[in-house]
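Hi everyone, thanks for making time for this. Let me put the structure up on the screen, and then we can walk through it together.

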Amino acid sequence: MTNQRYKNSMEWLKKAEQVIPLGAQTFSKSKTQFPMGEAPFFASHAKGAMIYDIDGNEFIDFSSALGAITLGYNDTDVMDAVKIQLEKGTIYSLSSKIEYEVADSLSRIIPSAEMVRFGKNGSDVTSAAVRLARAYTNKDIIATCGYHGWQDWFIGSTSKDLGVPSAVKDLTVSFEYNNIDSLQQIFEKFSGNVAAVIMEPVNSIKPQNNFLVHVQKLAKEHGAVFILDEMITGFRFANGGAQEFFNIQPDLATFGKGIANGYPLAALVGKKEIMKLMEEVFFSFTFGGETLSLAAADAVLKKLESYPVIESMWNIGEYLEEALSKKIQEYELGAIFSLKGYPVWSFFTFEQNSYFEPWELKTLYMQEMCKKGILCLGAHNISYLHNKDHVDQLLDVYEHYFKIVKDSKGSDIKKMLNCDVLKPLFKVR
């Protein structure tokens, strides 16, 4: 029987599946990631820290559009800037001044940004960075750590590699975060042929023993381009990204998501010596200078420099981190759950344990979160408009969830589910 709370979502999912694979344009927003019949699938609108589904349900959104929203949904300053630009036009037969203005701002704010090129999605600029690195070094192998988008060069190194030629797969090799030896082995195995090391500066695990510094040093020693993928950490950890936060300057870096608070924009930045090769390396497309997203980015960057956006996100994240950690201890569930990452981007993780299967626990978690008006996939993507009231409501739902798990006394958690157990999409680290 269909849960009437999500009746419209389920009906529209059936319609969408007829013309859209999985019924969604993004894997992370599809039925593979949400408990069927126990979660919303379609939004009607969003404002501030809130999102509303097509059944009229209201949720505090801690996913924040997969981290793309940092100022909150429909930020007034961003919307006003877009409206003004809309009257002037979205794209022309010539370049526009705003391309320079945003690039100039990025070069001032981001430590490594001597030159800038724009894309629309993260995959655009990570792929451009890889092509540029290969052109600069005249080498082929790419060492990766983290998630870097859907393009062949990267996704071929994951379990979602269907359709990627073996010849392409062989050119990308993964190394382990906080394990410098695993990177050293790649340089030894492919001696003289590693073009680049591309990595997320941080994810759920914090860097240890100066790991980032050692990666940069190793890359330099072997003549490889050091690339930081700051798609999520950019404009979240600090105005200048994780590279500013960790005080490390890569050769190239990629940014997206929060750069325009939800408008489609990404940026490849880096040393002029390397970036100048963009005059020969082909990276060009019709909407590269689309003005609405650039106007949004211009407003975002001005707000970051004028308001305590990052400071506020850290404060709220620290409040959540401290309170949630205490609750995990209070309910004696430390062997089952943990909180990882940094306050502005923390991860509630389901550990392998002798009591429950982690994916059964996650399915129950999402079922109960959605039931109680919270949209969260496990990562807390804090925005400027999340406040203590929002966090307190989230903590109440965590407590509700912990009580269910604690009271189950190791019984079959599937009996508490009103849906099938979710399955992992793929693993990259």
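So, to begin: how many bridges join strand S7 to S8, and do they run parallel or antiparallel? Four bridges join S7, residues 194-199, to S8, and the two strands run parallel. Please keep in mind that this is a predicted model, where local features need pLDDT of at least 70 and side-chain atom pairs count only at pLDDT 80 or more, while totals for chains, interfaces and linings use all residues. Residues are numbered from 1 along each chain as its sequence is written, and side-chain values use heavy atoms, with hydrogens and water left out.

Helices (H or I, at least four residues) and strands (E, at least two) are DSSP runs, numbered from the N terminus. Two strands pair if DSSP finds at least two bridges between them.

If you look at Ile198, you will find Ile227 of S8 opposite. To get from S7 to S8, the chain goes through helix H9, residues 211-221, in a right-handed β-α-β crossover. Right-handed here means that, with the strands pointing away from the viewer, the path from the first strand over the helix to the second runs clockwise.

S8 also pairs with strand S9, residues 252-255, again through four bridges in the parallel sense. There, Leu228 has Ala253 as its bridge partner.

How many of the six residues of S8 are buried? Six of six, across residues 225-230, where buried means under 20% relative accessible area, exposed over 50%, and partly exposed in between, using a 1.4 Å probe and protein chains only. In general, side chains in a regular strand alternate between the two faces of the sheet. In S8, one side carries Val225, Ile227 and Asp229, the other carries Phe226, Leu228 and Glu230, and all are buried.

Strand S5, residues 141-145, gives us another covered strand, with five of its five residues buried. Ile141, Ala143 and Cys145 point one way, while Ile142 and Thr144 point the other way. S5 is joined to S7 by five bridges, running parallel, and to strand S6, residues 172-174, by three bridges, also in the parallel sense. Ile142 is a handy one to click on: its bridge partner in S7 is Ala196, and in S6 it is Thr172.

Now for another sheet. Which order do its strands take? This open sheet of three strands goes S11-S12-S14, with antiparallel pairing. The edges are S11 (337-342) and S14 (379-381), each pairing on one side only. On average, neighbouring strands here are turned by 20 degrees against each other, direction ignored. Six bridges join S11 to S12, residues 345-350, and Phe337 stands opposite Phe350 in S12. Helix H13, residues 309-330, packs on this sheet, touching S11, S12 and S14, and its direction makes about 160 degrees with that of S11. Contact, by the way, means heavy atoms within 4.5 Å. Helix H15 lies across S11, S12 and S14 too, running at about 10 degrees to S12.

H15, residues 388-408, also packs against helix H14, residues 358-371, at an angle of about 135 degrees, with the axes 10 Å apart. Axes are lines fitted to C-alpha atoms, for helices over the stretch in contact, and angles run from 0 to 180 degrees between N-to-C directions. H14 and H15 are therefore oblique to each other; angles under 35 degrees count as roughly parallel, over 145 as roughly antiparallel, 65 to 115 as roughly perpendicular, and the rest as oblique. The residues making the contact include Leu361 and Tyr365 of H14, and Val397 and Tyr401 of H15.

Finally, take a look at Met115 in strand S4, residues 115-119. Is Met115 buried or partly exposed? Met115 is partly exposed, at a relative accessible area of 27%. Its contacts beyond four places in sequence include Leu268, Val269 and Met275.
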